[in-house]
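Visitor: Please show me the model, and then let us go through it together.

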Amino acid sequence: MLEDPSGLRATVLAHNAQAWDRLAASKAALAQPLTDGAFRDPHGWIGGGGSATRRWLPERFDGLEVLCVAAGGGKHGPLYAAAGARVTVVDLSPAMLALDHQVARERGINLQIVQGSMDDLSMFSVGQFDVVIHPVSTCYMPEVSRVFCEVSRVTKPGGLYVSQHKSPTSLQASLVPGASGRYELRSPQTRGTPLPPEMPSRLREFGVYEFVHSLSDLFGGICRAGFTIEDVCEPDHVQSHADQGSFAQRAAFLPPYIRILARSNGGQAFRGSPVASGLKSGLQME
Ligand SMILES: C[S@@+](CC[C@H](N)C(=O)[O-])C[C@H]1O[C@@H](n2cnc3c(N)ncnc32)[C@H](O)[C@@H]1O
C-alpha cells in the first residue's frame, strides 16, 4: 500500500480509470489501435525515438525486455512486440488494456498485459527491463517523484527510459488565442491541484484530472530517481499556414510535448546500493 494520507492519489486514480474507460468506449483518438501499415513496418513506425539528428532507440529490439508504461490503447505494446521485443504493457484503465488484448489476439502477438498505476510497479522485479517507453501520462498523476523512482527500480542499469510529457507551459496556457490573437498563461504550477476542465481537444483529455508538473519535478525527478538525462526534444508539430488557433499554429508558440531520453545509472539514489562495476545491460545504441 502506498502512503496517501490525503486520499488524493486514490481519488485521482479512481476518477481517471473511469474517465479513460469512457474515452476508450467512445473511440477517442488516443484509444485507436494501430492499423495494418504500422505492423508491416514496425521499425519504421517506431523510428529513432528522438530528435531528427540523433537516434535514441536501438536499431533492433530482438530479445529486449520492453516495458510500455501507461501505454494502453493497442499502439505501443503491440508495435514494440512486432519489432521483436518481449513487451509488458501496464495501464490504469481496463478498457484501454482491452484494446491491447484485442490487437494482440487479432495479430497473433505475444504481450504481457498488466493493470496498475505507473507509481506502483511492485509487480515487476528490480532491473527487469532493458527499455521503458512512457508515452504522455504523468499529467494524470498529482505527484510524479514516485513514478520516476518506480521506473528506475525496474530498469536495468544502463537501460533506457524514453519519457514523454505534456509541457508545463502548454498546460498552463489557454487552448485558443483571445481576441488579441495571443495565448494567455492561465494556471499556476500548483502541486496537487487539478487543472480546470476544458473542452476536448488534442491538448486536453475530456473528463480526466490533469496536473501541471514543473520542469524541476520532471527533469529533476528523473535525475533524482537514478537516471542520467542524455537528450531532450520537443517534437515538432508546427505547420506553416496552419489556421489561427489550430493545434499546429499554437505549437509554434507553445510546443505541446517534451520528450526525454534517460539512462539508468543503477538507481543508487533509490536502491541505496552501488551497482557492481562492470555491470552492463547488453543494450547497444547504434
Ligand atoms: C496518452 S494515453 C496512452 C497512449 C495512447 N494509446 C497513445 O496513442 O498515445 C495515456 C494512458 O495513460 C493511462 N493512465 C492514466 N493514469 C494512469 C496511471 N496512474 N497509471 C497507469 N496508466 C495511467 C490511461 O489509461 C491511458 O491509457
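Visitor: Not counting residues up to four places away in sequence, which residues does Gln-128 touch?
Guide: Good place to start, with two notes: residues are numbered from 1 along each chain as its sequence is written. This is a predicted model, where local features need pLDDT of at least 70, side-chain atom pairs count only at pLDDT 80 or more, and totals for chains, interfaces and linings use all residues. Two residues touch if their C-beta atoms, placed from the backbone, lie within 7 Å. With neighbours up to four places away in sequence set aside, the contacts of Gln-128 are Glu-65 and Val-154.

Visitor: Where is Gln-128, and how far in space is it from Lys-156, C-alpha to C-alpha?
Guide: Helices (H or I, at least four residues) and strands (E, at least two) are DSSP runs, numbered from the N terminus. Gln-128 sits in the loop between strand S3 (111-115) and strand S4 (129-134). In sequence, 28 residues separate Gln-128 from Lys-156, while in space the C-alpha to C-alpha distance is 6.1 Å.

Visitor: Is Gln-128 buried, exposed or partly exposed?
Guide: Buried means 20 or more other C-beta atoms, placed from the backbone, within 10 Å of the residue's own; exposed means 12 or fewer, and partly exposed lies in between. Gln-128 has 17 other C-beta atoms within 10 Å, so it is partly exposed.

Visitor: Turning to H1, what distance does this helix reach from its first C-alpha to its last?
Guide: H1 covers residues 8-25, which is 18 residues. The expected span of a helix is 1.5 Å times one less than its number of residues, and for H1 the actual reach is close to that expectation, at 26 Å.

Visitor: Why do the buried residues of H1 line one face of the helix?
Guide: The buried set is Arg-9, Val-12, Leu-13, Asn-16, Ala-17, Trp-20, Leu-23 and Ala-24. Ala-10, Ala-14 and Ala-25 are exposed on the other side of H1. The arc is that of the directions from the helix axis to the C-beta atoms. The buried residues of H1 line one face because, seen down the axis, they fall within an arc of 130 degrees.

Visitor: Which helix is included in what covers the buried residues of H1?
Guide: The cover includes a helix that spans residues 94-107. This helix has 14 residues and reaches 20 Å from its first C-alpha to its last. The name you want is H5.

Visitor: How wide is the arc covered by the buried residues of H5?
Guide: Met-96, Leu-97, Leu-99, Asp-100, Val-103 and Ala-104 are buried in H5. They are on the same side of H5, because around the axis they cover an arc of only 145 degrees.

Visitor: What covers the buried residues of H5?
Guide: Exposed Arg-105 and Glu-106 are on the other side of H5. The cover over the buried residues includes strand S2 (86-91), S3, helix H4 (76-82) and H1.

Visitor: Ala-70 has a positive phi although it is not a glycine; what is its value?
Guide: Most residues other than glycine have a negative phi. Ala-70 is found in the loop between strand S1 (65-69) and H4, and it is buried, with 25 other C-beta atoms within 10 Å. Its positive phi is about 50 degrees.
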